[in-house]
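Dear colleague,

Below it you will find my notes on what turned up.

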Amino acid sequence: MGEQQIDKKAKQRIYAIGARLGIVGHGHEDDLHALVAALTGKEGVSALTAEEGKLVEQELARRAASLEPRARARKRERKYEELPGGMTARQQKYAWYLMSEIERFDPAPNGVALRYRMCGFVEKKFGVTAFPQQPFRFLTWQQGSALIEALKSMATRKELEYLHSTAGRRERQVAGP
C-alpha cells in the first residue's frame with residue numbers, strides 16, 4: 001500500500017468548504033463524513049488518500065459553487081435625453097415608472113408595448129406627435145408636469161378598478177389574510 005495519505009492542507013480545505021456548506025458537525029456523525037463515506041467508503045477525512053481527498057474536495061467545491069449567488073450584471077442606468085426647456089431626465093424616469101404601474105393593473109391588449117401606449121397617451125393629451133423611441137421629445141417641462149399628474153391619477157384609478165374587480169378579489173383571497 002504505497003498510496004500517499006492526504007496532507008494537512010487538503011484536510012483543512014475539506015473542512016473549510018464543509019463548514020461553509022454547513023455540513024460539519026461534531027464527531028463522525030455529520031453530513032461531511034457521510035459524504036466522505038459515500039464517495040470513498042472510508043469513515044474519516046484522515047483515512048483518505050491524496051486522490052480520494054481531491055475527489056472529496058472537488059465534490060464539495062461543486063456543491064459550494066451551486067450555492068453561491070451568481071455574479072449579476074449591473075443594471076445599466078438608462079439615459080434620458082434632455083432638451084433645453086423639455087422634460088427633465090427625472091420627469092421622464094418618473095413618467096415611465098407610472099406607466100409601468102398602469103401596466104401592472106391594466107395589461108395592454110394584444111401585448112402592445114409600453115412605449116406605444118405612452119405615445120398614444122401623449123398624443124391624445126397634448127396633441128403632439130410622439131415617437132416610440134422618444135415619446136417626450138416635443139414636450140415642455142410644464143407639459144411633463146401635467147403628464148405626470150395625469151399618469152398619477154390614471155394609475156390610481158386603474159389600481160382601484162383592479163382592486164374592485166373579480167381578478168383583484170381573487171388575488172386577495174389567494175394571498176390570504
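**Aromatic pairs**

There are four aromatic pairs in the structure, which is a predicted model. In one of them, the ring centres of Y94 and Y97 are 6.0 Å apart and the planes meet at 15°, which is under the 30 degrees that marks the limit for stacking, so this pair counts as stacked. Both residues belong to helix α4, which covers residues 89-105, and they are three residues apart, about one turn of the helix. Y94 is partly exposed, at 35% relative accessibility, and Y97 is likewise partly exposed, with a relative accessible area of 44%.

Another pair is formed by F105 and Y162, and this one is tilted, with 5.6 Å from centre to centre and 50° between the planes. It links distant parts of the chain, since F105 is in helix α4 while Y162 is in helix α6 (residues 141-163), 57 residues apart. Both F105 and Y162 are buried.

**A charge over a ring**

If you turn to F126, you will see that the charged end of K125 sits over its ring, 5.8 Å from the ring centre.

**Around Q91**

Helix α4 also holds Q91, and with a relative accessible area of 8%, which falls under the 20% cut-off, this residue counts as buried. What does its side chain meet there? A polar atom of the Q91 side chain lies 2.9 Å from the backbone nitrogen of T88, and a polar contact of 3.2 Å joins the side chain of Q91 to that of S145. When residues up to four places away in sequence are not counted, Q91 touches G86, W141, G144, S145 and I148.

**Nonpolar cores**

The largest nonpolar core comprises 21 residues, and those with the most contacts inside it are A95, M118, F136, L139, L147 and L151. Helices α4, α5 (114-126) and α6 are the elements that give two or more residues to this core, and α6 gives the most, with six residues.

With best wishes

How values were computed. Residues numbered from 1 in each chain as written. Predicted model: local features only at pLDDT ≥ 70, side-chain atom pairs only at ≥ 80, totals over all residues. Heavy atoms only, no water. Phe/Tyr/Trp six-rings, centres within 6.5 Å; stacked < 30°, edge-to-face > 60°. Helix = DSSP H or I, 4+ residues; strand = E, 2+ residues; numbered from the N terminus. Buried < 20%, exposed > 50% of the residue type's maximum accessible area, 1.4 Å probe, protein only. Lys NZ or Arg CZ within 6 Å of the ring centre and 35° of its normal. Polar contact = N/O pair within 3.5 Å; in protein donor to acceptor, adjacent residues only side chain to side chain. Contact = heavy atoms within 4.5 Å. Core = buried A, V, L, I, M, F, W, Y, C linked by side-chain atoms within 4.5 Å.
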